[in-house]
Amino acid sequence: MANAKVLLVDDEKDFTSTLSERLELRDLDVFTADNGMDAIKLAKEHRFDAVILDLQMPGMDGIETLKQLLSGDADQQVIILTGHGTISKGIEAMKAGATEFLEKPVDIQLLTEKIGSAATQRMVLVEERSAQAIDEILKKKGW
Amino acid sequence: MNDSIDTTERRRLNDLSFFGKIMANVSHEFNNVLTVISELSGLLQDLSELAERGRPIQPEKLKQITQKFSHHLARGKELISHMNRFSHSVDDPRITLDPKDIVENMQVLMQRLVDRRQATLDCDYSGNGSMLTTDPFAVRHALFACFELLMQASSTTPAFQINLSSEERGTRIVVSSDSAFDAAEDESKWLELTDTVRQFGGQVALDRLESGVFITITVPITLNDGISETKG
């Protein structure tokens, strides 16, 4: 999982700066955003293996940000990391397409494992889509 | 008689709901503080392990981390202190206090809600000068109900203000927003506000002006005994 590219989205800036430093020490390439709009913009500019997203943020909330991230890239792997860990919120996030739902504070080992799984899952999904696309081209062309 | 029971029960439920909202909000904020402290502690552990393997820790880095520790510990301490003051406001429904203490307490406890709306909240105590004998929990509840009314009806980035001023009969607390507002949008919240203000014998008024919406609560200098007794 060396150099997996991660986007960390949270309005608590000391949290994002410290966690990103810790993830970088574990060979991850980390970007940060403190609101949903900036996260969506960054996700359009970069291909992230995983997005780590808070639910409660000023302006656009986490669920809306999650929906917009997935509408821009259906294969995007989004891990919800929030202090607002109610069961209903977790269900809502998973229904909206989140990969994982973790509560703050989170163990760094667990988080890096989840990022690794998300990156692998994304790779599988992208490969499946590529294979489908090739199949369709082959069928169309009749080769 | 039934109406009286309904009113008492409604007040009890509204009080409980208000208490729950404040506690949920503060506990979430406190968890954010603990989360930052947890990550800072983890970063120190990471750096220590790297130092054991030969990568020296820069003194400037340590200084930066300890400054962040101090900042977030102070933030947590302030939150706990205000949460404690808030929790003790239910102890006695009749105490003598400086109304500024109530507003300061609520400002800290509501700040996260303000931030989430990307709004601002300013308080002006310059006109305040008198002490009151009142119900500290009910006044807090009324202040929060005003704030909720304005929050629900305001534009996405409103500027809120709380002005405190003394007058002959008591203290005027004016909670205002620079946004347009329709009180009819939430009649139950308005009923909660008027109901709560009645508990400390106060008055409430709503004014829509060009500069915004103003909700004025007048808290009398002393509690009306009859009113205080109706509180279950």
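Hi everyone, let's start in chain A, where helix H2 (residues 36–45) packs with helix H3 (residues 62–72) at an angle of about 15 degrees, their axes 10 Å apart. That makes H2(A) roughly parallel to H3(A); the word covers angles under 35 degrees, while over 145 is roughly antiparallel, 65 to 115 roughly perpendicular, and the rest oblique. The axes are lines fitted to C-alpha atoms, for helices over the stretch in contact, and the angles run from 0 to 180 degrees between N-to-C directions. Helices (H or I, at least four residues) and strands (E, at least two) are DSSP runs, numbered from the N terminus.

Before I go on, this is a predicted model: local features need pLDDT of at least 70, side-chain atom pairs count only at pLDDT 80 or more, and totals for chains, interfaces and linings use all residues. Residues are numbered from 1 along each chain as its sequence is written, and chains are lettered from A and ligands numbered from 1 in the order in which they are written.

Back to our pair. On H2(A), the contact is made by A:Gly36, A:Ala39, A:Ile40, A:Ala43 and A:Lys44, and on H3(A) by A:Glu64, A:Thr65, A:Gln68, A:Leu69 and A:Gly72. Contact here means C-beta atoms, placed from the backbone, within 7 Å. These residues divide into four nonpolar, four polar and two charged. For the classes, Ala, Val, Leu, Ile, Met, Phe, Trp, Tyr, Cys and Pro count as nonpolar, Asp, Glu, Lys and Arg as charged, and the others, Gly among them, as polar.

Now, where do the chains meet? Between them, 16 residues of chain A are in contact with 17 residues of chain B. Helix H1 (residues 13–25) of chain A gives the most to chain A's side, with seven residues. That side has six nonpolar, five polar and five charged residues.

On to chain B, with its six helices and seven strands. Helix H3 (residues 99–116) and helix H4 (residues 136–153) of chain B pack at about 40 degrees, with their axes 10 Å apart, and are therefore oblique to each other. Their crossing is right-handed. By class, this contact has 11 nonpolar, no polar and one charged residues.

Next, the sheet. Five strands of chain B form an open sheet in the order S2-S4-S5-S7-S6, with mixed pairing; two strands pair if DSSP finds at least two bridges between them. At the edges are S2 (120–127) and S6 (203–209) of chain B, each pairing on one side only. H3(B) packs on the sheet, touching S2, S4 (159–167), S5 and S7 of chain B, and its direction makes about 170 degrees with that of S2(B). Further in, eight bridges join S5 (residues 170–177) to S7 (residues 212–220) of chain B, and these two run antiparallel.

Overall, buried residues make up 31% of the 232 residues in chain B.

Key:
Left-handed = near helix turned anticlockwise from the far one by under 90°. Contact = placed C-beta atoms within 7 Å. Buried ≥ 20, exposed ≤ 12 C-beta atoms within 10 Å, placed from the backbone.
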